[in-house]
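Welcome! Please take a moment to look over the sequence and the model before reading on.

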Amino acid sequence: MLEVKDLYVNYGAVEAIRGISFTVQPGEIVTLIGANGAGKTTTLHTISGLVKARSGSITYNGHDLQKTEASRMISLGIAHVPEGRHIFPEMTVEENLQMGAYSNRDKEKAATAMADVYTKFPRLKERRRQLAGTLSGGEQQMLAVGRALMGKPSIILMDEPSMGLSPLLVKEVFSIIREIHAAGITVLLNEQNARMALSIADRAYVLETGKITISGKAGELLQDERVKKAYLGQ
């Protein structure tokens, strides 16, 4: 479904991504784990067209994403839930969700997508007239995910969805990811909470200073002594 091959990305003279390669198969949850500054966010930004690679290739269902504008990604079935959520604080919950369907000219399909999001997130329906900036952190994360779902994506790129949330809300967010996956959507997940990410993923890649150093089945990485020592506090 998604193939990243020999990808290099620079920020000026700084080499942020150094020749990484990985794949995501349809129906999988694949997670990228690593410390701050490892290159996880840059990888997602490059896939979704927000950052241009120096070299390498990214293909999605046969499409060359290096030649695709970021604004066209949702029409290909790719949605991005960014780190920090980036909801529109001065707009209502419902207006934020409508922004997620901006490329859908079919009002009936957009209304169906809205109803689906409200079914999945009843709290958003309760607060649909409320300004998004007044929501709690957990509710804002739900809104960011709901906005992504409005485009009816085949794959969602999720960047640090648990960041800044209480342990209880972290569990709720990961429950939401499981629900999204159960609905048939493929997930590429960036996450610092390695234990939670590995507990729900099919496969995982460890990024360190722009390079993939470990990869394999998520369950196996949970038992890997290197991963335990570096990311699981064991």
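The report below walks through some strands, a pair of helices and a few individual residues.

## Before we start

Please keep in mind that this is a predicted model. Local features are described here where pLDDT is at least 70.

## An open sheet of four strands

Let us begin with a sheet. Four strands make it up, in the order β2-β1-β4-β5, and the sheet is open, with antiparallel pairing. At its edges are β2 and β5, the latter covering 63-64, and each of these edge strands pairs on one side only.

Now follow the sheet to β5. Its partner is strand β4, residues 55-60, and the two pair in the antiparallel sense over two bridges. One place to look is T59, whose bridge partner in β5 is D64.

Is I17 buried or exposed? It counts as buried because its relative accessibility is 0%, and buried means under 20%.

What surrounds I17? Setting aside neighbours within four places in sequence, I17 is in contact with L7, Y8, V9, G39, T42, T43 and G210. For a sense of scale, the C-alpha atoms of I17 and G184 are separated by 30 Å, and these two residues are 167 residues apart along the chain.

## Strand β9 and its two partners

Next, find strand β9, residues 203-208. Five of its six residues are buried, so β9 is largely enclosed by the rest of the structure. Strand β3, residues 29-33, pairs with β9 in the parallel sense, over four bridges. Within this pairing, I33 stands opposite V206 in β9.

Strand β10, residues 211-217, is also joined to β9, this time by six bridges, and these two strands run antiparallel. L207 has I212 in β10 as its bridge partner. Together β9 and β10 form a hairpin with two residues between them.

## Two residues with positive phi

T209 sits in the loop between β9 and β10, and its phi is near 45°, a positive value in a residue other than glycine. T209 is exposed because its relative accessible area is 55%, and exposed means over 50%.

You can find K152 in the loop between α6 and β7. With a relative accessible area of 48%, K152 is partly exposed.

## Helices α3 and α4

Now for a pair of helices. Two packed helices are described by the angle between their axes and the distance between the axes. Helix α3 spans residues 93-100 and helix α4 spans residues 107-120; their axes come within 10 Å and cross at roughly 125°. That angle makes α3 oblique to α4. The crossing in which α3 passes α4 is right-handed.

Which residues meet here? From α3 come E94, L97 and Q98, and from α4 come M114, V117 and Y118. The residues of this contact divide into four nonpolar, one polar and one charged.

Q141 lies in helix α6, residues 137-149. Is Q141 buried or exposed? It is buried, with a relative accessible area of 3%. Not counting residues up to four places away in sequence, Q141 touches V81, R85, P161 and V173.

M163 is found in the loop between β7, residues 155-159, and α7, residues 167-182. With a relative accessible area of 33%, M163 is partly exposed. Leaving aside neighbours within four places in sequence, its contacts are E83, R85 and Q192. Finally, the C-alpha atoms of M163 and G137 are separated by 9.4 Å, while the two residues are 26 residues apart along the chain.

Methods: Residues numbered from 1 in each chain as written. Predicted model: local features only at pLDDT ≥ 70, side-chain atom pairs only at ≥ 80, totals over all residues. Heavy atoms only, no water. Axes fitted to C-alpha atoms, helices over the stretch in contact; angles between N-to-C directions. Parallel < 35°, antiparallel > 145°, perpendicular 65-115°, else oblique. Left-handed = near helix turned anticlockwise from the far one by under 90°. Contact = heavy atoms within 4.5 Å. Nonpolar A, V, L, I, M, F, W, Y, C, P; charged D, E, K, R; others polar. Buried < 20%, exposed > 50% of the residue type's maximum accessible area, 1.4 Å probe, protein only. Pairing = 2+ DSSP bridges.
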